[in-house]
Amino acid sequence: MLPELIKEDGNVTFRILLPSRDIGAIIGRKGITINQIREDSQAKIKISSSDTESGGYYREVILTGSIAQVVSAAHLMALRLEENNSEEGDDVRLEVLFPNSITGAVIGRSGETIKELRTKTNTHILISTEVLFGSTDRSICVSGTATDIKECVRYLAAILHDNPTKGNNIPFRVNGPHHMHLQRGGRMMHPGSSPPRRAMP
């Protein structure tokens, strides 16, 4: 089940993968947009450097702060992406990195939690069936409006806060030694190609 009480002041680190083509909308000219998001949300935001060797398909965005700060930063990012995609009319999509050891808390028994999360937040959520290549992280792809994604991120951040990771965790790194391939749902993907569909739990 989803958390009934969310500790808005609880600290959390929230990691997101974004296609490099979307990063410009987040950073803005001379960093004006990302600095404004930092100021408005009060979250610490780190964006990985561009990796031209791998084709630079993904960039990692790391949000650190209280749950309220992280949710605010993610919402402001989603609003920028929504505005950037307004002509196409596509939903905003955020790909969240989640430790495999606590992904079960998102899915729940017989998928009850993820079904509740989809219903409450009106978002489309897909979880990779396998860990990302060279790591112990799985991908949680969330799509919907910026407002709906804000609520979904709030619950995901609360689950991260309430469920400490177990065992030896190896975070996925876009520019790590395994960056030439990304694994999605048991399949390999060369950066620069379109992500394959994710399997539902």
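Tutor: Two strands count as paired if DSSP finds at least two bridges between them. The model discussed here is predicted.

Student: Which residue in β4 is the bridge partner of Ile 16?
Tutor: Phe 14 stands opposite a residue of β3, Leu 63. Ile 16 has its bridge partner in β4, and that partner is Val 96.

Student: How many of the nine residues of β1 are buried?
Tutor: Buried means under 20% relative accessible area. By that cut-off β1 is mostly covered, and the number of buried residues is seven.

Student: Why do the buried residues of α1 lie on the same side of the helix?
Tutor: Helix α1 covers residues 20-27, and its buried residues are Asp 22, Ile 23, Ala 25 and Ile 26. They are on the same side because the arc they cover around the axis is only 160 degrees. An α-helix has 3.6 residues a turn, so residues three or four places apart point the same way. The value behind the answer is 160 degrees.

Student: What covers the buried residues of α1, and which residue follows the helix?
Tutor: The cover includes the strands β1, β2 (44-47) and β3, along with the helices α2 (32-41) and α3 (67-84). After α1 comes a residue with a positive phi, near 80 degrees, and this is Gly 28.

Student: Which element gives the most to the lining of the largest pocket?
Tutor: The largest pocket holds about 290 Å³ of space. Its lining has 13 residues, and those nearest the centre are Arg 21, Asp 22, Asn 85, Asp 91 and Arg 93. By class, seven are charged, five nonpolar and one polar. At least two residues come from each of β1, α1 and β4, and the most, three, come from β4.

Student: Is Val 142 buried or exposed?
Tutor: Val 142 belongs to strand β6, residues 137-144. Beyond its neighbours within four places in sequence, its contacts include Val 92, Leu 94, Ile 125, Ile 149 and Leu 156. Leu 94 is 48 residues away in sequence, yet the C-alpha to C-alpha distance is 5.3 Å. The relative accessible area of Val 142 is 3%, so Val 142 is buried.

Technical notes
Residues numbered from 1 in each chain as written. Predicted model: local features only at pLDDT ≥ 70, side-chain atom pairs only at ≥ 80, totals over all residues. Heavy atoms only, no water. Buried < 20%, exposed > 50% of the residue type's maximum accessible area, 1.4 Å probe, protein only. Helix = DSSP H or I, 4+ residues; strand = E, 2+ residues; numbered from the N terminus. Arc of directions from axis to C-beta. Contact = heavy atoms within 4.5 Å. 1 Å grid on protein atoms, 1.4 Å probe; cavity = no way out; pocket = protein on both sides within 12 Å on 5 of 7 lines; lining within 4 Å. Points joined across faces, edges and corners; volume = space filled by probe spheres on them. Nonpolar A, V, L, I, M, F, W, Y, C, P; charged D, E, K, R; others polar.
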